[in-house]
Amino acid sequence: MRTYKRVWIYSILIVVTTILFFPYYWMVLNSFLFAESSFVYPPSLIPKNIQFGSYIALFKDPIRPFSQWILNTFIVAITTAILCIIVGTFTALSLSRFRYRGKLAVGLSILAVRMLPRVLLVIPLFVLINSIGLLNKLSSLIIADLTFALPLSIWMLKGFFDSIPREIEECAMIDGCTRIGAFLRILVPLSAPGIAASAMYAFIFAWNEFINASTFLSSSDKFTLSVGLRTYIEQHSVAYNEMMAAAVLTTLPVVILFLILQKYFVAGITAGAVKG
Amino acid sequence: MKKKEYQPYLLLLPVILVLILIVGAPLVKVFQMSFYNLFLGRPNPPFTGFENYARLISDAVFRKALLNSAVFTLFCIVSMVLIGLGLSLLVNTKIRGRTIFRILLLLPWAGPMVVASIVWLRIYDPQFGLLNYLLRATGLVQKNILWLQSPSLALASVIVVTVWKFYPIAMLFILAGLQGIPEEHYEAAAIDGANALQSFIFVTLPGLRFVLLTLLVFLFIVIFTHFDIIFIMTEGGPMHASETLAIMTYLQAFKFFRFGYSAAIGITLLVLTSMATLVFFYISEVQKPAQ
């Protein structure tokens with residue numbers, strides 16, 4: 001490639017990436033300042049003093065049980081991921097390895113669920129959950145998140161299962177394995193990366209989830225991080241750096257997972273979106 | 001043989017159960033709710049038939065929300081596709097370090113929406129925000145601009161944040177699509193004497209046709225029903241300036257407790273989304289023979 005073309009591409013990419021990445025940089029930067037300098041005007045773009053004071057203040061905040069929020073969010077996310085994988089694997093097995101009447105209808109309905117506005121469903125779910133008495137309990141959130149994470153998880157799992165040739169299972173069955181046995185001992189271990197990717201996607205989804213969490217959870221000790229973060233903006237005199245520290249800690253786990261996953265996202269979308 | 005026949009159906013049992021309980025039943029219930037004058041906490045709501053839907057037409061807030069949804073969706077999608085396309089083309093070239101660029105550019109999508117909202121809230125802050133500071137420091141404006149507090153700018157401001165958050169989806173789709181275009185097509189075009197622009201118009205764009213259509217459907221569903229960012233940043237204000245249909249649905253239920261009316265709005269949102277999706281699918285089916 002000609003050098004001038006390469007220089008152009010690099011220049012544009014560097015400028016654009018800097019601009020687009022900037023909000024995250026700003027967030028991290030401000031989390032390392034401390035109370036007095038948070039309202040420094042003019043705001044500084046480059047760190048002058050790095051302090052961890054905000055992070056310490058974050059965990060000592062009397063009205064915000066941040067560590068409890070982390071725990072809640074983790075419980076919801078990991079349970080959703082595990083349940084999503086179990087239900088999703090069964091479903092994807094059915095869709096990938098069998099031929100039967102109504103299969104297309106089932107596949108389309110599952111995809112159609114993805115189309116439903118969550119705002120719409122939150123209303124009756126709130127009423128239903130209230131009537132069962134599960135309001136303000138993490139379990140109601142897990143069930144709701146599970147349902148919304150399922151369609152995409154199933155789609156990803158099916159894609160991964162499809163990519164493994166059936167001959168391998170058929171060999172196992174000739175050797176005396178049952179159908180289900182072949183699944184469990186051959187297909188599942190071979191699709192381990194795909195299953196991990198689906199689990200991580202469900203985890204990220206549940207971790208980031210806001211609307212269900214903020215509607216179903218009402219007491220501060222039950223909040224997930226998304227809901228808890230929002231409480232910072234409801235009062236203007238809040239320690240702004242503490243809020244940014246909280247934001248950094250909330251974002252870090254999912255960004256790390258995303259970095260691991262992003263390779264699979266491209267692969268998964270390639271499998272589904274590009275018909276070749 | 002008979003025993004094996006029910007296996008696939010058995011495997012489907014868990015998901016069917018979950019979907020019926022958490023999606024099917026609530027969907028039926030909310031559809032039912034829209035026909036009653038239902039308020040939270042009031043027992044024995046009167047059956048009102050289509051009255052809630054009739055009220056929508058005469059409700060100025062609903063008309064504003066409908067307009068806001070349309071404007072929001074249109075500007076977001078167009079921006080996202082253009083940015084995604086541009087970035088994909090840049091990242092798809094044979095430069096070193098393109099993986100790092102690709103990863104950094106995908107990051108806005110990775111974090112929680114709440115985080116994006118509160119960070120941007122700070123950037124948009126009229127007095128202490130970075131944006132106003134930069135604009136004043138470079139002399140472009142004199143007074144602080146009320147990004148989220150003025151009715152004329154609120155919607156545009158949340159559009160920017162939404163585009164920032166979701167453009168990676170477009171980028172991912174288009175990147176995958178670009179990698180599916182065979183090299184031979186470009187080589188053939190080069191032999192015919194096409195320059196970069198021509199090969200883009202006549203090779204790249206047609207090759208992306210299916211991916212773009214799928215992307216549009218997906219983006220439409222996500223953006224038209226989007227809730228989180230707008231809700232956290234403006235709650236639909238000021239004075240309904242940034243209130244989309246999704247926001248209105250939620251506010252009517254949880255701020256004004258008009259569950260019946262809210263259900264009607266929500267169902268309308270669902271119907272509009274489904275209709276648009278069907279239109280997209282129809283177009284893609286018509287496109288297919290030409291593919």
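How many residues of chain A are in contact with chain B, and how many residues of chain B take part?

Author: In this predicted model, 83 residues of chain A are in contact with 83 residues of chain B. The two chains bury about 7,900 Å² between them, and carbon and sulfur atoms give 82% of that area.

Polar and charged links across the interface may be taken next. The rule finds 9 residue pairs in polar contact between chain A and chain B, with both residues at pLDDT 80 or more. It also finds 1 salt bridge across this interface. There the side chain of A:Arg230 meets that of B:Glu235, with 3.3 Å from N to O. On the side of chain A that touches chain B, helix 13 (residues 240-273) of chain A provides the largest share, 16 residues. By class, that side of chain A comprises 64 nonpolar, 13 polar and 6 charged residues.

At least two lining residues each come from helix 1 (3-31) of chain A and, in chain B, from helix 4 (60-91), helix 8 (154-179), helix 9 (183-191) and helix 10 (196-207). The lining of this second largest pocket divides into 15 nonpolar, 6 polar and 6 charged residues.

Key:
Residues are numbered from 1 along each chain as its sequence is written. Chains are lettered from A and ligands numbered from 1 in the order in which they are written. This is a predicted model: local features need pLDDT of at least 70, side-chain atom pairs count only at pLDDT 80 or more; totals for chains, interfaces and linings use all residues. Side-chain values use heavy atoms; hydrogens and water are left out. Contact means heavy atoms within 4.5 Å. Buried area is the accessible area (1.4 Å probe) that two parts lose on being put together, summed over both. A salt bridge is a side-chain nitrogen of Lys or Arg within 4 Å of a carboxyl oxygen of Asp or Glu. A polar contact is a pair of N or O atoms within 3.5 Å; within protein, one must be able to donate a hydrogen and the other to accept it, and residues adjacent in sequence count only if both atoms are side-chain atoms. Helices (H or I, at least four residues) and strands (E, at least two) are DSSP runs, numbered from the N terminus. Ala, Val, Leu, Ile, Met, Phe, Trp, Tyr, Cys and Pro count as nonpolar, Asp, Glu, Lys and Arg as charged, and the others, Gly among them, as polar.
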